[in-house]
Amino acid sequence: MLEENSKTKEEIELNKAIEAIIKSPSRKKLIVAGPGSGKTTLFKKILQLNPGLSNRRIVLTFINILKNDLERDLFGLAQVHTFHSFCLGLLHHYTLLGEGLSPDFIFFPGLAGLIVHDWEIINKTDSPKFVGEMRDLLKDNHINFYLARGNYYNAVDFDDSVYRAYAGLLAKKARIKKYDLVLIDEYQDFNRLEAEIINLLGNDNPIIIVGDDDQALYSQLRNSSWEHIRSLYQSGEYEVFNLPFCLRCPKVIVSAVGDILNKAISINKLQGRIDKPFKHFPPAKEADSIKYPKIVCIETSVQSKKINYIGRYIVQEISKIPENEVEDAIQGNYPVVLVIAMEPYRKQIIEFLEKNKIEVEKRDERDNDLNREKGISILKNNPDSNLGWRIVLDFDKPAFLYEIILATMDTGVPLIELIPKDYRDSILAEVDKFIPPDEQFDSNSKEQVTQEKRFPIVRVTSFEGSKGMSAQHVFIAGLHNKELPRNPDSIKDLEICKFLVGLTRTRKKCTLIYTKRFGIFKKIPSVFITWINQGRLDKLIVNKYYWDKGERKS
């Protein structure tokens with residue numbers, strides 16, 4: 001550790017902020033921390049300074065990519081779970097929480113879709129928003145129908161696993177064991193249901209909650225709300241701390257974030273936002289800030305599948321990335337390049353990259369897609385499974401489908417006993433011949449696939465999918481009015497947060513890209529680009545002459 005007089009003023013300020021958190025005796029702490037502020041390092045330090053068994057300390061986050069990163073970085077110091085996996089574990093451990101499920105129930109993403117279809121068959125009306133009712137803990141709900149069908153299929157999905165755990169804990173059917181420490185990451189992305197379970201954990205255990213309302217992106221996708229962290233901040237129940245520096249981004253990104261926030265606040269956006277420091281950290285980012293002093297802003301003259309200037313430009317820039325930056329990314333276990341784009345641009349970019357033999361990883365957090373093979377696979381393990389038969393029926397849609405689904409509601413008789421013999425025998429014959437995909441390789445071919453798989457050089461995703469990621473070089477493509485934002489005259493706070501999250505994935509260089517024409521349609525660059533001090537932008541026009549004669553300043 002450096003002597004105090006040999007540290008920079010920024011290092012001294014950061015150390016004081018960390019020491020205040022560590023030394024505080026409060027059992028309830030809230031840390032408001034912007035992107036790249038060193039949360040994982042802080043978690044690690046807290047756990048190292050408080051020795052104990054890993055199964056007595058838990059870390060909860062909300063998506064697998066964050067869980068995997070935390071699990072790797074905190075190896076052996078604590079148990080790390082997504083919220084869903086934590087609640088699933090509770091259901092398995094405390095069987096009373098899963099009332100109506102047998103001990104061998106299965107977790108099946110896509111169950112919610114099947115239950116929606118069941119409602120429509122049984123009630124002959126559009127289905128209620130079961131998942132939304134659970135996430136928002138609505139009093140007027142149809143959740144009992146959902147749970148009854150889940151019991152019939154002896155399965156749970158993501159959100160009902162959390163709801164079952166919460167409802168059971170609230171009814172005191174079980175009591176969660178005491179923990180020495182509970183750490184909550186990305187609190188701004190939790191919904192009301194999850195926030196209530198966190199409240200229950202906080203009642204009985206020392207707890208540290210970390211979040212940033214500027215990074216809340218999931219209100220539309222998973223009913224999350226920044227109001228939870230804002231309420232906690234104002235409640236007085238938690239001692240509040242800040243991590244003041246961005247240890248990830250170069251100075252130009254940190255400054256651009258300040259520009260955007262100032263503009264948003266000046267037009268009465270982000271009302272109720274938690275005011276927080278977000279400062280450049282020269283000890284970690286000075287060299288990158290000198291090498292990459294500006295955000296590149298690209299205007300392409302046209303974009304289409306045939307004339308793919310956006311994809312072509314990204315390929316060109318990938319080829320220029322220094323080898324040491326590639327190696328640093330591989331060693332750090334993060335991508336060299338992250339492309340953030342909405343459709344239809346994302347698909348065209350991916351096609352062009354793959355055409356040019358660039359390894360692309362498409363971000364897909366959940367595998368919720370139902371397919372018939374999943375049903376056959378379940379029946380392979382258990383030919384009596386109601387869930388397996390229901391999946392196959394959902395795809396085959398035999399003439400008797402409605403009749404037997406109605407019968408299950410009235411009698412609870414297993415599907416295998418209701419299905420006509422000829423159909424049942426044909427499916428079971430298919431099941432008998434079925435070889436699961438993971439058994440179609442021998443051990444040698446599996447090992448060869450593992451050895452040949454390289455770390456993905458490029459990830460391509462949406463704004464929401466970029467959460468939990470960072471990369472040496474970030475490209476944000478398709479920045480147009482009527483897309484982001486959808487209505488420049490009525491900008492949503494969520495859209496501002498998307499842009500902020502996209503920018504702050506950057507470790508070294510960020511490139512913003514828009515086009516003047518997409519196919520036959522004229523495009524107008526996003527107003528968000530004008531919110532950034534224009535002196536921070538290096539503007540380039542990419543058109544036919546650019547490719548013929550080289551770069552041309554606008």
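In this predicted model, strands β6 and β7 (residues 207–211) run parallel to each other, joined by three bridges. Within that pairing, L183 has I208 of β7 as its bridge partner. Helix α9 (residues 192–204) belongs to this part of the fold too: together with β6 and β7 it makes a β-α-β unit, and the unit is right-handed.

Strand β6 also pairs with β2 (residues 57–61), again in the parallel sense, this time over four bridges. Here I184 of β6 has L60 standing opposite. The two pairings of β6 are set out below.

| Pairing | Sense | Bridges | Residues facing each other |
|---|---|---|---|
| β2 with β6 | parallel | four | L60 and I184 |
| β6 with β7 | parallel | three | L183 and I208 |

How do the side chains of β6 (residues 181–184) point, and are they buried or exposed? L181 and L183 point one way, V182 and I184 point the other way, and all of them are buried.

Now let us turn to helix α12. It covers residues 251–266, 16 residues in total, and its first and last C-alpha atoms lie 23 Å apart, close to the expected 22 Å. Its buried residues are V252, I253, V254, A256, V257, D259, I260, L261 and A264. What do these buried residues pack against? Their partners include the strands β9 (245–246), β10 (279–280), β11 (295–300) and β16 (506–515), along with the helices α23 (493–503) and α24 (527–531). After α12 comes N268, with a positive phi near 65 degrees.

How values were computed:
Residues are numbered from 1 along each chain as its sequence is written. This is a predicted model: local features need pLDDT of at least 70, side-chain atom pairs count only at pLDDT 80 or more; totals for chains, interfaces and linings use all residues. Side-chain values use heavy atoms; hydrogens and water are left out. The expected span of a helix is 1.5 Å times one less than its number of residues. Buried means under 20% relative accessible area, exposed over 50%, partly exposed in between (1.4 Å probe, protein chains only). Contact means heavy atoms within 4.5 Å. Two strands pair if DSSP finds at least two bridges between them. A crossover is right-handed if, with the strands pointing away from the viewer, the path from the first strand over the helix to the second runs clockwise.
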